[in-house]
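Here is a short tour of a two-chain model, written for someone who likes to know the cut-offs. Please have a look at the sequence and structure first.

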Amino acid sequence: MPEEYDRHIEDLINRLKNDSHKPASKAQPREAVEATLSGDSRLSQLISISRRMAEMRSLTPLLSFAIDSVLPIVGAERGYIVLIKEDKTLDYRVKRHLDGTEIKSEVDPISHSVLNEVVTTQKGIVIRNAIMDPRFLGSQSVMAMQLRSIMCVPLITQNNLIGAIYVENRAKSGRFSEENLAPLEFFANQAAVSIENANLNENLEQLVAERTQELALAKEEAEAATRAKSSFLSKISHELRTPLNAIINFTGFVIDDYYGEVNREQKEALQRVIDSGNHLLSLINDLLDLNKIEAGVVTLDREPALLVELLDQAAEHTEALIRGKPITVERKYSPDLPLIWIDRRRVWQILLNIISNAVKYTKAGSITLQAQATEHEIEISVKDTGIGIATEDKAHVFEYFKQGVNTLDNVVSSGLGLAIAKQLVELHQGEIWFQSEVNLGTTFFIRLPRDSRPKVNSGSETN
Amino acid sequence: MLLENRYIFLVEDDPTNLAVTRTILRRHGATVPIANWADTSLERISAFPYPIDLFILDLMFPGKQTGYDVYDALRAKPEFQRVPAVVVSAADPDVEIPRARERGLSGFISKPINRFRFPIQINAILSGEEVWDD
């Protein structure tokens with residue numbers, strides 16, 4: 001009789017297990033299984049508890065609900081759910097009395113011998129009277145706590161032992177029989193699936209929360225790093241420019257005969273000190289600028305500007321840079337170019353960087369400044385008759401610290417000027433590009449919107 | 001000379017940079033009394049026997065004081081309320097020019113200064129103009 005009952009239950013358990021994974025069971029619909037069970041109110045109770053458990057997403061409420069539900073059904077006075085942690089130690093997650101209160105923590109709340117037996121064999125166990133049971137004669141915990149009726153079943157899901165349910169009745173022996181074990185095992189199987197699901201769910205939620213936090217932290221760190229780098233470079237820039245003030249100016253005082261007469265050769269040598277100092281200065285300024293643009297702290301200060309004025313200044317500046325080389329500066333732009341909204345200082349910087357390149361890489365010939373306007377844009381070009389850019393360098397013109405293979409002796413360049421120019425043009429929502437042929441020359445083009453101010457709502461131009 | 005008979009008070013802690021500025025200004029005829037930002041400097045500036053035409057302030061001083069604190073202290077004295085002041089500093093002009101404008105200074109000139117341009121810039125400020133040079 002008990003054997004037959006066991007087989008019957010095992011069959012049901014298997015069907016229900018399948019059912020919990022695949023809602024539309026191909027074998028027998030749930031209703032049919034339930035009908036078979038309806039005679040046994042305990043089992044139908046267990047099924048409805050299982051369903052509740054399957055819906056629960058958080059582990060702790062699930063475990064409390066499980067133990068509170070199962071204790072009255074199996075007639076135990078205390079129950080424990082023990083989970084096996086990742087490091088294989090045991091976690092006494094739930095310890096409850098029949099009335100739903102917590103069992104105040106005891107040093108050794110349950111029999112380890114019993115638990116070990118279940119964990120090792122992965123089979124449920126029923127003990128009618130532990131202190132008399134020959135299997136636990138040597139168990140200190142059994143004797144010390146005077147344990148009597150105990151049932152313990154493993155929590156197994158997908159062939160993994162994840163813990164055990166342990167129920168007991170210390171006052172009386174013989175409270176549990178083999179008949180009680182099957183429902184508890186059935187319950188344990190359902191509980192194991194739900195526990196595993198809740199675990200996965202909580203892990204997933206925790207993982208999402210952790211990742212979100214990690215990302216937020218990483219973003220914050222990156223921003224802090226950018227700010228720190230920016231402020232560090234700003235300080236460094238101050239520290240580097242301060243001694244340059246003395247180097248450049250005291251050298252100038254000597255050239256200007258402040259301390260007595262200096263001959264021409266000496267002056268030329270000293271001028272090289274000044275030139276190098278100025279080069280170092282522009283390098284420092286470029287680095288600081290580029291860093292600020294990249295950190296996104298450069299904002300354009302747009303104002304209406306006369307492009308002609310800017311181009312005239314640029315032409316004069318070009319003439320000053322030529323310093324005796326046989327180069328003519330051509331101004332091919334109409335004096336009635338329109339007013340444009342730009343950050344004057346930044347556009348000046350763009351022009352200077354392009355012009356200084358044109359002068360550097362041109363030995364003789366001309367540098368031509370051109371400009372024209374369309375309805376919404378202006379296009380400026382700087383054309384030189386210099387050495388040109390080698391084909392293999394064309395892709396890298398706007399990269400940092402790139403100097404082409406095609407170069408002249410004594411050209412000193414930071415390799416940052418065009419990279420900065422490009423960034424500043426793009427800040428103006430403009431475009432920069434070039435055409436170049438080796439030994440014929442290079443033309444740089446800039447196209448800027450005539451008004452790149454951020455659009456505000458129309459109809460508010462009352463003042 | 002461009003700065004003849006001008007009294008330009010220089011508040012600067014670094015002796016080398018002080019010498020740079022002072023040399024150029026004197027070369028163009030200015031009288032250049034100096035102070036560093038010690039506790040006594042305000043008394044010292046007040047004790048100067050001639051009317052001061054301009055203050056040139058460095059920004060960075062030892063400790064937490066900045067050129068702006070010097071400026072505020074000077075402005076608090078009735079006799080200096082109308083004297084223009086200019087910052088001459090190696091600090092980042094993108095950061096300092098807006099600050100200096102907001103405080104009411106007459107200009108910002110970047111270090112390294114240009115020995116040809118500097119006297120002209122100073123003269124412009126003495127003539128009531130503002131100079132914002134990065």
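A salt bridge is a side-chain nitrogen of Lys or Arg within 4 Å of a carboxyl oxygen of Asp or Glu.

A:Val208 belongs to helix H7 of chain A; helices (H or I, at least four residues) and strands (E, at least two) are DSSP runs, numbered from the N terminus.

## How the model is read

This is a predicted model, in which local features need pLDDT of at least 70 and side-chain atom pairs count only at pLDDT 80 or more, while totals for chains, interfaces and linings use all residues. Residues are numbered from 1 along each chain as its sequence is written, chains are lettered from A and ligands numbered from 1 in the order in which they are written, and side-chain values use heavy atoms, leaving out hydrogens and water.

## Where the chains meet

Taking contact as heavy atoms within 4.5 Å, 23 residues of chain A touch 22 residues of chain B. The buried area (accessible area, 1.4 Å probe, that two parts lose on being put together, summed over both) is about 1,900 Å² between chain A and chain B, with 52% of this from carbon and sulfur atoms. On the chain A side, A:Arg241, A:Asn245 and A:Tyr258 lose the most area to chain B, together 31% of what that side buries.

## Charged pairs across the interface

Side chains of opposite charge can pair when their charged atoms come close. Between chain A and chain B the count is five salt bridges. One of them pairs B:Asp94 with A:Arg346, whose closest N and O atoms are 3.2 Å apart. In another, B:Asp92 and A:Lys292 have their closest N and O atoms 2.7 Å apart. B:Asp92 sits in the loop between strand E4 (85–89) and helix H4 (93–103) of chain B and A:Lys292 in helix H8 of chain A, so this pair joins two chains.

## Two backbone details

B:Lys111 and B:Pro112 are joined by a cis peptide bond, with omega about 0°. A:Arg323 is not a glycine, yet has a positive phi of about 45°.
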